[in-house]
Amino acid sequence: MFSVRRRGVARLAAATVVSGLVAAGAIAIAGPAAADEGTGGATATLGELTVFDAVKIKGKGQYNAGLFTMQVTPGGSLQTYCIDLYTGAKTGQEYKEVGWDQSSLHNNENAGKIRWILQNSYPQVNDLDALAKKVGAKKLTEKTAAAATQAAIWHFSDNADATPVNKNAQKLTEYLEKNAENLAEPKPSLSVSPTSVAGKSGERLGPVTVDTNAASAEVSLVPGAPAGVKLVDKDGKPVTTVANGGQVFFDVPAGTPDGAAELAVKADTTVPIGRAFVSTKVKSQTLILAGTSTSSVTAKAGASWAKKGAIPAVTAEKNCAKGGLDVTASNEGDEDFTFELKGKKVTIGAGKSETVTVPLAEDEAYDFTITGPNGFEKNFKGVLDCKTATPGPLPTETPSTEPSPSTPATTTGGSTTGSTTGGGDLAETGSSNATPMIAGIAALLVVLGGGAVFFLRKKKTAGQ
């Protein structure tokens, strides 16, 4: 684990590297969608630690641990536990539902045991009297059950020796760790594949396949599509709703000017317990879903077409196994499509497809724009977050209970037990607290620079 200051400086340097990559024009290809952000699922904003109690982490100290709340955009609420103990969780940050392969669980052989714990403990099991009796405890409350569950999860997510302070909670943690079984990964609440298709006008472009656990999902064209373009099924009939596994095509009439369109899929459903949530913009603690209400989830896919020439489609997806971003480019046109990727030219022949992995460092932010024929432009943006942070000292300082939007509070999954303001007084392990240090260095440089100018001016005056 980096200290707060080292993390802040490291991320500042990483951002500088990424900016340099963008300025150098590392990628220049067409594509209306990005798989790592556009495949679908729930998007939520991280709130406070709301249901928690004290847990001792061997060799680190005593901390509050339990459930975070998250608000789904555009509607719904979630409860999550931490699966990345030594990384700070920044409240107010946007999170995205992802598969285990795009999170720190991608190479965790105990990931299925974490899901078993979620299914067999609080809040999924809310009869706490029955749960206490089952594990041999005298009494469990929501707070002690949440802390016990989080301690057991940390055992499998971070190999941590975490023990609840409450004696009855210890019984629950011991039971969960001893009896956990490997369960299969839950399916996504909503996804579309592929997120980008291409072809010639006068054809049906697709299919785009919709997978969802909802009874049905609504599909519609995003405003701005050219006149005459429609969404249809495989038989060419207009479509507005699809069931799980349903396929949607873009019907582009012959003679339609070269262009692009986008479809949106929306479903009201419950996100499956055990789905991972990762931060989309900054490094922040990875979370796992423990409780959910009915939520609105969305997904998008795009199509591009032309009469002749190269007609590219591009998707991107995090590849935690390879430590990078898989950029897949296909060409449905009748001419070669050539683009540059990190200084290397890649040519996709007519009717061909190729995937290139862009290597990224752990915790590295990426932000680049792909452009191509007919004015197409797509931005790929995110953070490669594929590993739990290296074990290290957990901090004891606490930020303000009212963080500014630009400097959200951070936590390891709980506050130090000396706190008196509940979930708002959180232990810091993230980079937001490097901000004062960076600002202080900047101010010092300004003062030193001003002093140097004054000294030179005074020396020049004396010489005159």
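What percentage of the 464 residues in the protein chain is buried? Buried residues make up 51% of them, where buried means under 20% relative accessible area, exposed means over 50% and partly exposed lies in between, with a 1.4 Å probe and protein chains only. The model is a predicted one, in which local features need pLDDT of at least 70 and side-chain atom pairs count only at pLDDT 80 or more, while totals for chains, interfaces and linings use all residues. Residues are numbered from 1 along each chain as its sequence is written, and side-chain values use heavy atoms, with hydrogens and water left out.

The secondary structure of the protein chain comes to seven helices and 25 strands; helices (H or I, at least four residues) and strands (E, at least two) are DSSP runs, numbered from the N terminus. Of the contacts in the protein chain with a separation of 6 or more, 72% are between residues 24 or more positions apart, a contact being heavy atoms within 4.5 Å.

The interior can be described through its nonpolar cores, each a set of buried Ala, Val, Leu, Ile, Met, Phe, Trp, Tyr and Cys residues joined through side-chain atoms within 4.5 Å. The largest nonpolar core has 88 residues, of which Tyr81, Trp154, Phe250, Val265 and Phe277 touch the most other members. Helix α5 gives the most to this core, with nine residues. Apart from it lies another core, of 20 residues, which includes Phe337, Leu341, Phe368 and Phe380.

Helix α5 (142-157) also takes part in a helix pair with α6 (167-179). Two packed helices are described by the angle between their axes and the distance between the axes. The axes of α5 and α6 come within 8 Å and cross at roughly 35°, where axes are lines fitted to C-alpha atoms, for helices over the stretch in contact, and angles run from 0 to 180 degrees between N-to-C directions. This crossing of α5 and α6 is right-handed, a term used if the near helix is turned clockwise from the far one by less than a right angle, with left-handed used if anticlockwise. On the α5 side the contact involves Thr144, Ala145, Ala148, Thr149, Ala151, Ala152, His155 and Phe156, which meet Ala169, Leu172, Thr173, Leu176 and Glu177 in α6. These residues divide into eight nonpolar, four polar and one charged, with Ala, Val, Leu, Ile, Met, Phe, Trp, Tyr, Cys and Pro counted as nonpolar, Asp, Glu, Lys and Arg as charged, and the others, Gly among them, as polar. Within α6, Thr173 is buried, with a relative accessible area of 4%; leaving aside its neighbours within four places in sequence, Thr173 is in contact with Ala148, Ala151, Ala152, Ala162 and Pro164.

Helix α4 (residues 128-135) has Leu128, Leu131, Ala132 and Val135 as its buried residues. Seen down the axis of α4, these buried residues fall within an arc of 100°, so they line one face of the helix, the arc being that of the directions from the helix axis to the C-beta atoms. An α-helix has 3.6 residues a turn, so residues three or four places apart point the same way. The buried residues of α4 pack against α5 and α6, whereas Asp129, Lys133 and Lys134 are exposed on the other side of α4. Lys133 has a relative accessible area of 72%, and its C-alpha atom is separated by 10.0 Å from that of Leu172, 39 residues apart along the chain. After α4 comes Gly136, whose phi is positive, near 85°.

Helix α3 (residues 111-119) has seven of its nine residues buried, so it is largely enclosed by the rest of the structure. The buried residues in α3 are Ala111, Gly112, Ile114, Arg115, Trp116, Ile117 and Leu118, and what covers them includes β3 (77-82), α5, α6 and β16 (287-292).

Some backbone details remain. In the loop between α5 and β6 (162-164) is Asn159, with a positive phi near 55° in a residue other than glycine; at 68% relative accessibility, Asn159 counts as exposed. Cis peptide bonds join Ser193 to Pro194, with omega about -5°, and Gly206 to Pro207, with omega about 5°. Pro194 lies in the loop between β7 (190-193) and β8 (196-200), while Pro207 lies in strand β9 (residues 204-212).
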